[in-house]
Amino acid sequence: MTNVNEGTAALVLGASGGLAQAIVSELMADAGIDTVIAVSRRAAPEHFVTAPAPPMWIETEYSEPAMAAVVEQLQCFAGRITRVVICHGILHSDSLWPEKRLEDISAESLQTVFQANSVVPVLWLKLLHRLLKSKQRCVVAALSARVGSIGDNHLGGWYAYRSSKAALNMMLRTLSIEYGRRVKNVKIISFHPGTTDTALSKPFQASVPSDKLFTPEFVAGRLCGIMDKAEIDGQLSYLDWDNKAIPW
Ligand SMILES: NC(=O)c1ccc[n+]([C@@H]2O[C@H](COP(=O)([O-])OP(=O)(O)OC[C@H]3O[C@@H](n4cnc5c(N)ncnc54)[C@H](OP(=O)(O)O)[C@@H]3O)[C@@H](O)[C@H]2O)c1
């Protein structure tokens, strides 16, 4: 059993999703990480509960006070967190669907999508900065999306999702500048996983060629490889699964 009072730790936020679970598994297999901490609205999936060295699983809602209580609970890991992956993201739900045209835009859907995709990630990075400050390198990746690129938007549609990811990117860029002054050991990456076989992409997979639909395990391996090699340069990088830069 891992001793949580010593060694390095990795933190996965929004840990129950398809990509997030694969990232938790990838980090659990990393010999350089002693404790994997997973934070989610949901209970731990059975395969993690029964794993020989299970992740530390914390259930929470995503109000700011509840998130602050999680960060308080993690104080014993201060200065020892070397990886953070922020996985929150919604594209559709029972009550919302990506917009095809102007008439589909609704204030309620915009607020729901922005809250999950832009506000929750930036609140984590506000609340975590003291915990991440350290002499050792720490790499933070937030799962963004290529459709958040303003320069790359040639198709239109998906107003809420696109603009919430563009807002996420701008928040991360602004955070990178302030972290570059105050939390110099941290590198932040805005990461596009590529179309990956999860609940989020399920309704949109029919038009995706099979060699362009990735498994969560493949993407988790790519992301962790990119995080391992990232240079601590005080800059935000907007990268895809192939480690290629995406235009803003
Ligand atoms: N799959 C793709 O093709 C694809 C492509 C580009 C980008 N992405 C991005 O990759 C990330 C992970 O997506 P996924 O494919 O793994 O989707 P998923 O399986 O649907 O996972 C959804 C994630 O969002 C969190 N979440 C859901 N509703 C939320 C809410 N109301 N407030 C806060 N968090 C909420 C969940 O956290 P809990 O554990 O708390 O439930 C979970 O981490 C997202 O940011 C998505 O935009 C995915």
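## Second largest cavity

Ser176, Tyr179, Gly180, Val186, Lys187, Ile188, Gly234 and Gln235 line the second largest cavity of this predicted model, where lining residues have an atom within 4 Å of a cavity point. A cavity here is a set of points, on a 1 Å grid over the protein atoms alone, where a 1.4 Å probe fits but cannot get out. Two or more of these residues come from each of α5 and β6 (186-192). Helices (H or I, at least four residues) and strands (E, at least two) are DSSP runs, numbered from the N terminus.

The volume is about 30 Å³, taken as the space filled by probe spheres set on the points, with grid points joined across faces, edges and corners. By class, this lining has three nonpolar, four polar and one charged residues. Ala, Val, Leu, Ile, Met, Phe, Trp, Tyr, Cys and Pro count as nonpolar, Asp, Glu, Lys and Arg as charged, and the others, Gly among them, as polar.

## Largest cavity

The count of cavities of 30 Å³ or more is two. The largest holds about 50 Å³ of space, and its lining divides into eight nonpolar residues, one polar and one charged. Among the lining residues are Trp97, Pro98, Glu99, Ser109 and Tyr161. Helices α4 (107-132) and α5 (159-182) each supply at least two residues of this lining.

In α1 (residues 18-28), Leu19, Ala20, Ala22, Ile23, Val24 and Leu27 are buried, meaning under 20% relative accessible area, with exposed over 50% and partly exposed in between (1.4 Å probe, protein chains only). These buried residues pack against β1 (9-13), β2 (35-40), α2 (46-49), β4, β5 (138-143) and α6 (216-229); contact means heavy atoms within 4.5 Å.

Thr82 is part of strand β4 (residues 81-86) and is buried at 8% relative accessible area. Leaving aside residues up to four places away in sequence, Thr82 touches Thr8, Ala9, Ile33, Gln136, Arg137, Cys138 and Val139.

## Cysteines

The whole structure has zero disulfides, a disulfide being a pair of cysteine sulfur atoms within 2.5 Å. The sulfur of Cys76 lies 15 Å from its closest cysteine sulfur, in Cys138, and is therefore too far away for a bond. For Cys138, the nearest cysteine sulfur is that of Cys224, 13 Å away. Cys76 is partly exposed, at 38% relative accessible area, whereas Cys138 is buried at 0%.

## Basis

Residues are numbered from 1 along each chain as its sequence is written, and side-chain values use heavy atoms, with hydrogens and water left out. In this predicted model, local features need pLDDT of at least 70 and side-chain atom pairs count only at pLDDT 80 or more, while totals for chains, interfaces and linings use all residues.

How values were computed: On a 1 Å grid over the protein atoms alone, a cavity is a set of points where a 1.4 Å probe fits but cannot get out, and a pocket is an open set with protein on both sides within 12 Å along at least five of seven lines; lining residues have an atom within 4 Å of a point.
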